[in-house]
Amino acid sequence: GENVEQHPSTLSVQEGDSAVIKCTYSDSASNYFPWYKQELGKGPQLIIDIRSNVGEKKDQRIAVTLNKTAKHFSLHITETQPEDSAVYFCAASRGEMAGEKLTFGTGTRLTIIP
Amino acid sequence: NAGVTQTPKFQVLKTGQSMTLQCAQDMNHEYMSWYRQDPGMGLRLIHYSVGAGITDQGEVPNGYNVSRSTTEDFPLRLLSAAPSQTSVYFCASSYHNTQYFGPGTRLTVL
C-alpha cells in the first residue's frame, strides 16, 4: 500500500518568514495530493491540492509543488502570520473516485513566532 | 448546511463496553469514511463507504464495525472497547476527492 512520510514534525518560523513542509510517497500510481490544516480541537480542513498532471499550484500565500519523478511534494507558506499556526497534514491517493482512500502523513506542527 | 456532524464530542468507556459513534452529513455525498488520529501517527483509515449499502475496510479495521443504510448516516461501532482504541475519531464525507471532516470525537477507554 501507499506510504507517506512527512518532515519536519515540528517547525517554528518568525512571523513574515516562509515555511516549507515536505512529503514523500511510495505508490507511483498516486495522482492526487491534498494538504490539510488542523486547528486545535477541530477536524482537518483542505487548504490546497495538486494533481499529477501539474507541477505547481498557488493560492495566495500558499503553494504546493510536485516532483513525480522523485515522488515528493511540498507545501510552501509565504509571509507567515500567527493564524497559520496549526498542524498540517499531507496526503496521497490514486484518486480513482471521489476521496478514494487517502493515506496521510504524520503531520507537522507549525508555530509562527510573533 | 451543517456539513459533517459527529456525536458525542467526548466519551469515556470501560474496557469491554460497546458504543456507537454517530456521523451524519447533509451534503448528499456518496463517499464517507472514518479515521482515527493518534499522536505521531497522523490519520489512519478505519472503514469507508462508497454509497448506501456498501462498506469496506481501511488500514485499521479490527475492533470496529460500520454500516451505511442511508446516504446521510455512517455510524462506527466499537464492539468491545479496549484501551488501544483510545483516540480521536474523525468522520469525513467526500466530493470530487475533497474530504470534509467532522469536528471529531475524543474517546478514552479505561
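Buried area is the accessible area, found with a 1.4 Å probe, that two parts lose on being put together, summed over both. Keep that in mind as we look at this predicted model, where local features need pLDDT of at least 70, side-chain atom pairs count only at pLDDT 80 or more, and totals for chains, interfaces and linings use all residues. Residues are numbered from 1 along each chain as its sequence is written, chains are lettered from A in the order in which they are written, and side-chain values use heavy atoms, leaving out hydrogens and water.

Let's start where the two chains meet. Chain B and chain A bury about 1600 Å² between them, with 56% of it on carbon and sulfur atoms. On the chain B side, Leu43(B), Asn97(B) and Phe101(B) lose the most area to chain A, together 35% of what that side buries. In terms of contact (heavy atoms within 4.5 Å), 21 residues of chain B meet 22 residues of chain A.

What about polar contacts, meaning pairs of N or O atoms within 3.5 Å, one able to donate a hydrogen and the other to accept it, where residues adjacent in sequence count only through side-chain atoms? Across this interface the rule finds three residue pairs in polar contact, both residues at pLDDT 80 or more.

Now turn to one residue of chain B, Asp38(B). Is Asp38(B) buried or exposed? With 11% relative accessibility, Asp38(B) counts as buried, because buried means under 20% relative accessible area (1.4 Å probe, protein chains only). Its side chain joins that of Arg36(B) in a polar contact of 2.9 Å. Leaving aside residues up to four places away in sequence, Asp38(B) touches Arg44(B), Thr86(B) and Ser87(B).

Notes. Buried means under 20% relative accessible area, exposed over 50%, partly exposed in between (1.4 Å probe, protein chains only).
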